[in-house]
Amino acid sequence: MPSFDVVSKIDLAELDNAVNQTKKELSTRYDFQGAQADIVLSPDNTVLTVKANSEDRVQAAKEVLLAKLAKRGISLRALEFMEIEKTGLHNVKQPIKLQQGIPVDKAKELIKLLKESKLKLQGSIQADQLRVTGKNRDDLQAAIALFRQEQDRLKLDMQFTNFRD
């Protein structure tokens with residue numbers, strides 16, 4: 001039975017490289033002299049935190065980070081920006097959640113899309129991924145095209161793996 005998996009994963013090695021490149025650039029840039037700007041990746045690789053001594057510096061550091069992530073091939077759809085928080089001593093930080101895996105509610109929306117499209121396919125949720133199966137390879141490719149169209153509306157970064165014929 002032909003099938004494929006819909007997953008949402010970030011390459012952690014590329015993420016680490018992008019964070020290190022951003023830190024290096026922030027330490028050498030003239031406009032960040034004297035500003036304690038830093039980017040910290042949590043030990044469990046689920047949250048990036050951009051810290052600086054003003055909101056403007058946080059925004060500028062975040063722009064540098066986003067540019068490095070895009071160059072490294074990490075989709076910006078996989079980032080969820082939280083509100084900027086004051087941390088004390090006139091410092092501010094902005095946490096950025098990293099999406100690893102497809103949440104159950106989003107997977108249910110994808111299955112609903114499959115049913116509405118009238119394609120003869122079944123979707124099953126398997127932990128943090130979605131498996132789509134059907135009898136026809138062309139239907140599977142149509143489902144991939146449909147999911148790619150809806151990526152921005154769902155605010156979900158998707159990769160399609162394990163395509164079996």
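**Cores, strand pairing and positive phi**

Student: Which residues touch the most other members of the largest nonpolar core?

Tutor: Leu15, Leu48, Leu65 and Leu69 do, in a core of 25 residues. Bear in mind that this is a predicted model.

Student: What is Leu15 in contact with, leaving aside its neighbours within four places in sequence?

Tutor: Leu15 contacts Leu48 and Leu69, and also Ile10, Leu41, Ile74 and Leu98. As a general point, nonpolar side chains in soluble globular proteins tend to be buried together.

Student: What lies apart from that core?

Tutor: Another core, of 20 residues, which includes Leu130, Ala143, Leu154 and Leu156.

Student: Changing topic to strands. How many bridges join S1 to S8?

Tutor: There are 4 bridges between S1 (residues 3-7) and S8 (residues 129-134), and the two strands run antiparallel. Within S8, Arg131 is the residue opposite Asp5.

Student: How do S7 and S8 pair, parallel or antiparallel?

Tutor: Antiparallel, over 6 bridges. Arg131 comes up again here, as the bridge partner of Ser124.

Student: How many residues are between the strands in the hairpin of S7 and S8?

Tutor: The hairpin has 2 residues between its strands, and Ala127 in this hairpin has a positive phi near 60°. For most residues other than glycine, phi is negative.

Student: What about Leu89, is its phi positive or negative?

Tutor: Positive, about 55°, and Leu89 is not a glycine.

Student: Where does Leu89 lie?

Tutor: In the loop between strand S5 (85-88) and strand S6 (91-98).

Student: It's a leucine, so is Leu89 buried or exposed?

Tutor: Leu89 counts as exposed because its relative accessibility is 80%, and the cut-off for exposed is over 50%.

Student: And Lys118, what is its phi?

Tutor: Lys118 has a phi of about 65°, again positive in a residue that is not a glycine.

Student: Where is Lys118 found?

Tutor: In a loop as well, the one that runs between helix H3 (104-116) and strand S7 (121-126).

Student: Is Lys118 buried or exposed?

Tutor: Exposed, because its relative accessible area is 71%.

How values were computed:
Residues numbered from 1 in each chain as written. Predicted model: local features only at pLDDT ≥ 70, side-chain atom pairs only at ≥ 80, totals over all residues. Heavy atoms only, no water. Buried < 20%, exposed > 50% of the residue type's maximum accessible area, 1.4 Å probe, protein only. Pairing = 2+ DSSP bridges. Core = buried A, V, L, I, M, F, W, Y, C linked by side-chain atoms within 4.5 Å. Contact = heavy atoms within 4.5 Å.
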